[in-house]
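Please have the sequence and the coordinates open while you work.

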Amino acid sequence: MIFNKPITEIELSDINELKEKEIEESEVLDYKNEIDENNVLKEVVAFSNGQGGYLIYGIKESGRKGNNRASYPEEINGIDKSFNCERLEHLIIGNIMPRVSVQFQKILIPASDKMILIIYVPEGQNKPYYNNGSCTWVIDLFLYILKFYC
């Protein structure tokens, strides 16, 4: 587990620690500088069909450095703290099938109008999951079946 505490207890110091220790992205951790609602749906579907994980928004990634290195936090920029998380939650609930339950944690960045947004996606119990609002779910379903039977 990336964090040894519930998502509601994650603080800015925990995010700073990810940066200081250059904790790399993995199958259960993804950093994003900005929020793109379509990509959020894709990431939630991917994490639900995998092991689950954390999406952390407002983090500028390093990009791949070296042969085997994944991206790690380079800067903590934050996103606009007025971002409507409730709308995003409704978008996730309304478009991902079967229904997936995610948790949100907003961490305000002091002396700014920015925040870090963490979305925790648990491993799905009713796989496969797909985005009902796009046709990519057909490909996701095919890949899931292929992985299961091969």
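K21 has a relative accessibility of 54% and therefore counts as exposed, where exposed means over 50% relative accessible area, buried under 20% and partly exposed in between, with a 1.4 Å probe and protein chains only. The model is predicted, so local features need pLDDT of at least 70 and side-chain atom pairs count only at pLDDT 80 or more, whereas totals for chains, interfaces and linings use all residues. Residues are numbered from 1 along each chain as its sequence is written, and side-chain values use heavy atoms, with hydrogens and water left out.

**Exercise 1.** Determine which salt bridge the side chains of K21 and E17 make, and how exposed E17 is.

*Solution.* Start from the criterion, under which a salt bridge is a side-chain nitrogen of Lys or Arg within 4 Å of a carboxyl oxygen of Asp or Glu. The side chains of K21 and E17 meet this with an N to O distance of 2.9 Å. Turning to accessibility, E17 has a relative accessible area of 35% and is partly exposed.

**Exercise 2.** Find the parts of the chain that the salt bridge between E75 and K60 ties together.

*Solution.* First take the distance, which is 3.7 Å from N to O for the side chains of E75 and K60. Next place the residues: E75 lies in strand β4 (residues 73–76) and K60 in strand β3 (residues 59–61), so the pair ties together parts that are 15 residues apart in sequence. Strands here are DSSP runs of E with at least two residues, helices are runs of H or I with at least four, and both are numbered from the N terminus. Finally, E75 is partly exposed at 35% relative accessible area, and K60 is partly exposed at 33%.

**Exercise 3.** Describe how helices α2 and α3 pack, and list the residues that make the contact.

*Solution.* Helix α2 (residues 37–49) and helix α3 (residues 85–95) pack at an angle of about 55°, with their axes 10 Å apart. The axes are lines fitted to C-alpha atoms over the stretch in contact, and angles run from 0 to 180 degrees between N-to-C directions. The two helices are therefore oblique to each other, since angles under 35 degrees count as roughly parallel, over 145 as roughly antiparallel, 65 to 115 as roughly perpendicular and the rest as oblique. The contact, meaning heavy atoms within 4.5 Å, is made by E37, V40, L41 and V44 of α2 together with R87, L88, L91, I92 and N95 of α3.
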